[in-house]
Amino acid sequence: MIDRVIAIRNRTGLHTRPAAMLVKVASRFRSEFFIRKETFEINGKSIIGVMTLAAEQGAILHLRFDGPDEEEAATAVTSLIERGFDEE
Amino acid sequence: MDSPQSTTTELFINGIAAAPGIAIGPAYLFTKTVPRVEVKAISREEADSEIMRLRSAIARSEKELQKILAFTELKLGSQNAKIFEAQIMILGDRILLDSVEKRIREELHNAEFVIYDEISKYKKLMLEASDEYMHERAHDVDDVMNRIIRNIRDQKLFSKLEGEAIIVSETLTPADTVILSRNQVLGYATDLGGVTSHAAIISRSLKIPAVVGLHSATTHVHSGDIIAIDGYAGALIVRPQPATVETLQRKAQRIRNFEEQLHGIASLGAETPDHRRIELSANIEFPEEVEFARMQGSAGIGLYRTESQVIAKGAFPEEEEQFEAYRSVAEGMAPFPVIFRTFDIGGDKVIPDTTREQNPFLGWRGIRVMLDRPALFLTQLRAILRASAHGNVRIMFPMVSKLHEIRAAKQLLQRAKDSLTSDNIPFDPKVKIGLMIEVPSAVILAEEFAAEVDFLSIGTNDLIQYLLAVDRENSSVSQLFQHFNPAVIRAIKMIVDAGHKRHVWIGMCGEMAGDPLATVLLMGLGLDELSVNPSILPEIKKIIRSVKHKDARKVAEKMLTLSTEDEIKEFLASLVRNKIPELPIE
């Protein structure tokens, strides 16, 4: 199991488009992926869940990956968030 | 007035004209009842078929939404289609659907209830967020849920809508308007909404007559009743009598004849027979209106009321959100110019964080607000400047009453330009600026004001209110609100002369600019630009093309000698009747 803590960098936060990108990337892997913001945790492969997070710019997220390809999944997801979802 | 209970007599209900046209036909009462969901126990054997029902309902919902999405993209552009994209993504959420299917199997409850229960959890969380954006997403989630439930129950959305009908509804969302228009919709009548509601804008662009703000249409109309709507006058007539039908048909015929004559005028210039060109442009509030303005043959946007975005959102949008809207207007209108009026908030409009004023029209509004909130002002100026890299952008400041204000606004504009330059963001460095003349002090100082800018635009609605000291919303004095008051006409003359002396062009964007009776007078007074409601634009163009500028000047000279509005109005009405007898003026 891999735990990561990461801040949302892009201006618009985890709004619809970035949320869709995040789910799409995470769904490529077999590992389970959960996102926690404060005390609220959702499945990172669920678009409705990620939308519900309401993660604005600056929000701190706790990511949890668990499964056979957890390393690769963690790298792909964190890099997407760090790149600010390629906005602008 | 007839009793509403009566089923044989006709009933007139007044509302707001939202999209032009006349329609007569059977009513279809469109009610969006939120489905009542009941929890039912199912047997273990029924679980599989329950899941199959769910899956086919999801597939059908997706098909419906794909159609709406394609239609919306085509008719209204991809910006408006985004909400449907989000809804389609939710339908494809495997995690959500897997857990619903799992619960159906384990709890042995009906699909309807489980999907309702599961999606409601997310909806509740979204509604708890303080963010306006999240509340909108909760509506999307709600829409998706209702669509799935409807499809589980295997109801066809418009099974009752057979043949042509006038849709009567409490309110219509953009999605309703779009999907309903795929059927044979003759017209729309709604209890709520104003001219600027999205449904009104969409029906205008779809060319379907609409009347909104009727308050009690849904209580007086039943499906199948014969009704008529007059999208010019803004009226709904329930069970119209033969004489009424005949009057309406005659009116429709008269307007159709005139429109036939106007056919093709969209591609012609607004030029008098003696070759004086008037820049004839359109007033808009939302980016969605650009297409309609172009269709009507507009040569630009003379007034883009940018505050509509603030009012619709209930808050100031961020730079990015403003920029997106501004860019789509600038791009949509290019190469024609778009005049962006900076936020005109206060007075009759909402400002999110203001306290109630004793006398809002003499209070904190227009440029006064924005100069007191330089950070908000800079954000908007940056957004407009960024849009200037994508089209022909002009900037206009509202409610300027002293020179200091326009100078301060120009300084802020310079700051916005400097910040964009240092951020390496492109914009048009020579963007033209202007100000609205709508306060008497600005009329008197027009020449000094003109020296500061590239153009002036006369906002007649406020100018008349301040010049004549009449609140037109106050029914005891509203009859005194007259744009043919000689004082108004002479004030316009003063502004035009002062501006021309300084070699700046003079426009008009108030309602007077769109009054067909006023067109000849305004041409004669020397206005260079008229910006009008897009639906009236072809008529105004027809008048410009019918009257020589030379003659219009003589008319204006004569009007400047008359001393009552009745004489002026009478003269102009008979002039228009003589010159353009086919014009359907009331």
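**A walk through chain B**

Okay, let's start with a strand. β11 of chain B, residues 337–341, is mostly covered, with four of its five residues buried. Buried here is a count: 20 or more other C-beta atoms lie within 10 Å of the residue's own, with C-beta atoms placed from the backbone. And a strand is a DSSP run of E, at least two residues, while a helix is a run of H or I, at least four, both numbered from the N terminus.

Quick word on the source: this is a predicted model, where local features need pLDDT of at least 70, side-chain atom pairs count only at pLDDT 80 or more, and totals for chains, interfaces and linings use all residues. Residues are numbered from 1 along each chain as its sequence is written, and chains are lettered from A and ligands numbered from 1 in the order in which they are written.

Back to β11(B) and its partners. Strands pair if DSSP finds at least two bridges between them. β10(B), residues 301–305, runs parallel to β11(B), joined by three bridges, and there Tyr304(B) sits opposite Phe340(B). With β12(B), residues 392–397, β11(B) has five bridges, again parallel. In that pairing, Pro337(B) faces Asn392(B).

Zooming out, chain B has 23 helices and 16 strands. Of its 586 residues, 44% are buried.

Now, a helix pair. How do α3(B) and α4(B) pack? Helix α3(B), residues 94–107, and helix α4(B), residues 111–128, pack at about 135°, their axes 9 Å apart. Those axes are lines fitted to C-alpha atoms over the stretch in contact, and angles run from 0 to 180 degrees between N-to-C directions. The two helices are therefore oblique to each other, since oblique is what's left once you take out under 35 degrees (roughly parallel), over 145 (roughly antiparallel) and 65 to 115 (roughly perpendicular).

Who's touching? Among the residues in contact are Leu96(B) and Arg103(B) from α3(B), and Val114(B) and Glu118(B) from α4(B). Contact means C-beta atoms, placed from the backbone, within 7 Å. By class, that's six nonpolar, one polar and two charged residues. Nonpolar covers Ala, Val, Leu, Ile, Met, Phe, Trp, Tyr, Cys and Pro; charged covers Asp, Glu, Lys and Arg; the others, Gly among them, are polar.

Last stop, the neighbour. The contact between the chains takes 17 residues from chain B and 14 from chain A. On the chain B side, α2 (78–91), α3, α4 and α5 (132–152) each give two or more residues. The largest share, four residues, comes from α5(B).

How values were computed: Two residues are in contact if their C-beta atoms, placed from the backbone, lie within 7 Å. A residue is buried if 20 or more other C-beta atoms lie within 10 Å of its own, exposed if 12 or fewer, and partly exposed in between; C-beta atoms are placed from the backbone.
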